[in-house]
Amino acid sequence: MANYLTNTNEEKKQMLEAIGAQSINDLFCDISSKLRAKPLCLSEGLSQQEVLDIMLAYADQNKVYKKVFRGAGSYYHYIPSVVKNLSARSEFLTAYTPYQAEMSQGILQSIFEYQSLICRLTGMEVSNASHYSGATAAVEAVLMCAERKRNTVVVFDNVHPDTIEVMKTYLSRREMVLDIVRTENGVVDADLLANSLNDNVCAVYVEQPNFFGLLENLSKIAEQVHSAGAKLVAGCNPIALGLLKNPAECGVDIAVGEAQPLGLPMNFGGPYLGYMACTSKEMRKIPGRIVGQTLDADGNVAYVLTLQAREQHIRREKATSNICSNEAHCALIASIYLSSMGSNGLKEVATNCVSNAHYFANELSKINGITLKFGSEFFHEFITVSKGNSKAILSALDKQGILGGLALNDDEILWCATEMCTKEDIDRVNEIVNEVAL
Amino acid sequence: MKTIFEHSKVGNLAVTIRPLTVNEYKLDANLLRDNLPLPEVSEVDIARHYTALSKRAFGVDDGFYPLGSCTMKYNPKLHEEIATLSGFCNIHPLQSSDTTQGSMAVLSTLSTSLCEITGMDGVTLQPCAGAHGEYTGLMLIGAYHSARGDFHRTKIIVPDSAHGTNPASASMAGFEIIAVKSNEEKGVDLDELRKLVGDDTAALMLTNPTTLGLFEKNIEEISKIVHEAGGLLYYDGANLNAVMGIVRPGDMGFDVVHLNLHKTFATPHGAGGPGSGPVGCKKELIKFLPNPHIEKNDGKYEFVNSEESIGKVTKFYGNFGVCVKALAYILTLGGNGLKEASENAVLNANYMNANLQDIFDTETNRFCMHEFVLSLQKLKDETGVSAMDVAKSMIDKHMHPPTMYFPMIVHEALMFEPTETENKETLDEAIQVMRDLFDDAHTKPEYLHSAPNNAVIKRPDEVRAARNPIVKM
């Protein structure tokens, strides 16, 4: 068995002598014998080679699809080698949170650059160092908006179901209300939004694109929300922002989102990366780490964790949030991804997503018995309707090693196309679906 | 050094992707942004930039990292390889469960192992970090009391020596916080606790070993006091590395625990995450665990939702990739190996402590657990050299400083946690460094005041950073 220990028995003896203890057991004399654990009922330790075999066997029990047309909050994108390789450097991977600025300048600068990249992507003025996931970032963003007299959060039935679930949890033990508002034709409806706005509403949360893949009119929503005295929080897909108007231009107060598409694998759901950015007005309310640029004692540029008066280790129960460890390494990956792609590369990825998805949707809708559920503009996801066929379609694709869209019910499937697929792949899916739908 | 933006030259490209194979689709111009000010950098410049940044960072692979309360043990390379297996990282979270039995087996096996290690009956792996676990655990406690109609249990008792996340998490979960003072031995003051508990007590949060690195000897009495008042006992697993296989939180009377896989179970800290903060609980609380949980029926794993669950605390199932690494660690060490890891963590801490006791003050004369706290108050009084000065001077010796000024109840505190993966030679070097710095404090205090003197920067101006925040470029 491997144990990653390095002291020899002889050294242990010397150490015990220096301590003045007879045995290691003596060191635990404060723990009463009554409390002492029986030997743990776990298997014997194994060699590294055996562990690899076991884990390989687990990995083999999963099905890796050759082609993926499913999104719904987890997206299959190209991950450049430069991203994987550089982020794996152990100086990054095995470091702690950069509390000691003098020996962590590389980490601090990388976070500062991440914040800058997120600000450039969103148009916002302040980004934190990351949050656990798009869902938790969304929740903590709406909590930032809560005021004494405003305790209601409005969301729509077209945001990611997990995000709604997480919001329900986080609001449940606070004196806050979650109002889930119906949408019309898949998008936020001005009248329904107007009906839900009142003096109690502190925040409205929308997604861009929304869970159905459709694009919302963020500017119009922002106007409406602001005129009611509330704030708009938008969960934006960061790849889509390669093309779309940034949330700041649209009047969004806090931009959040799931940044998994920026270089992170699907990973069966995590680790992912919640990004969170706001206007400078909200800066002292944003949760999590923030890195700032300053000068050192010699007047040279230096980076430090800053605005810590917001944080739990200083403010304890009065902190803006309890967050401590976040998803720093995922943020590094996203930084390297955005830097490597650059403005042209990200635009190209986004263009390929939207183009592939539109070709795909168009081809599917030509099949007899299949229609698109909504008519409005979408990014890289869309819903088809085919009476009672969801299961049969997905199972036919599965047999060919293709992960089809997510079945929302017996009739509807939520599809996703990214830059990973080609015309040939899409045509193949269409053929298979065609056979089923007939 | 330059930022990535200063390497940017219009037209540079680090990555190329497959040209479009369908006609380009153009979104309506009204929807589009005018400019996207991301850097344009060549691949070689990207590689050099991030390599240069990495050389200005310090990880466990770079040297001794005795950061108290953080358990900076070695992160085995095998685990990184395993976590990047295509059969793990290329699995979509919403694939049908028929096609994800391997991932679900990993989660289920890890949960079962953590139950055994902690003496709990159920575990969720959904929380993404320790504080996220604390929040989840406190939500379970809230749900437990509410389900019993016990709505006035609104208070969480937290020792004054606790991690800052404890009160912050309790506040996030909608509780009021009461601090309980420490006694002379820096454990919970029992008389004080008796006065504080009552029919409004939801729970007491405790680390054991405490943040002083000492085992809370009165734990059984504490458990009795809290439970008799109708409250529950919450275990902050930050310090579990001292006691694996030696004493289990469940056997000490704890009802809910959170663990930090990135501390105790050797998954890398990643400069601040991703971590994983599983939460374990006793039987009566299982039904409140976050949705979904995994059940095995007829030999097949399935996700199941419980009506009484507190709901979800993040998307999907938490930080699966971190869980994979933690399971690999547990399989490698096995039950005995985990115990041996804790024993050696405690041996290393005591060895270092024993070799520093004659020059620095420790809180008590007891054996410490996996970490120990030195007070440099006397040194400061005598020489003007502070804990901060000593810590910063360690940087010049290529060692990561210990945790500074925590716990708050110790003046000029330095908290050392060497961990079990360090050998005697490294500890001897660290001891020598501390002894040399003690001497230097008396002979050339100004050198320590200005430390670090050989790092890439001198001490940064934190006040300037906070007063006039520059948080992007």
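Let's begin with B:Asp389, which is buried at 6% relative accessibility. Buried here means under 20% relative accessible area, exposed means over 50%, and partly exposed is in between (1.4 Å probe, protein chains only). Before going further, note that this is a predicted model: local features need pLDDT of at least 70, side-chain atom pairs count only at pLDDT 80 or more, and totals for chains, interfaces and linings use all residues. Residues are numbered from 1 along each chain as its sequence is written, chains are lettered from A and ligands numbered from 1 in the order in which they are written, and side-chain values use heavy atoms, with hydrogens and water left out.

So who does B:Asp389 pair with? Its side chain meets that of B:Arg459 in a salt bridge, that is, a side-chain nitrogen of Lys or Arg within 4 Å of a carboxyl oxygen of Asp or Glu. B:Asp389 sits in helix H14 (residues 387-396) of chain B, while B:Arg459 is in the loop between helix H16 (445-449) and helix H17 (462-467), 70 residues apart. Helices (H or I, at least four residues) and strands (E, at least two) are DSSP runs, numbered from the N terminus.

Here are some salt bridges side by side:

| Pair | N to O distance |
|---|---|
| B:Asp389 and B:Arg459 | 2.9 Å |
| B:Lys300 and B:Asp98 | 3.0 Å |
| A:Arg182 and A:Glu184 | 3.0 Å |

B:Lys300 lies in strand E9 (residues 300-304) of chain B and B:Asp98 in the loop between helix H3 (86-89) and helix H4 (101-118), so this pair ties together parts 202 residues apart in sequence. B:Lys300 is partly exposed at 27%, whereas B:Asp98 is exposed at 53%. Over all chains, the count comes to 39 salt bridges.

Now for a helix. H5 of chain A (residues 105-122) has 18 residues and reaches 25 Å from its first C-alpha to its last, close to the expected 26 Å, which is 1.5 Å times one less than its number of residues. Of those 18 residues, 17 are buried, so H5(A) is largely enclosed by the rest of the structure. Just after H5(A), A:Gly123 takes a positive phi of about 80°.

How many disulfides are there over all chains? The search finds 0, a disulfide being a pair of cysteine sulfur atoms within 2.5 Å. The sulfur of A:Cys145 is 6.0 Å from the closest cysteine sulfur, in A:Cys202, so that is too far for a bond. A:Cys145 is buried, at 1%.
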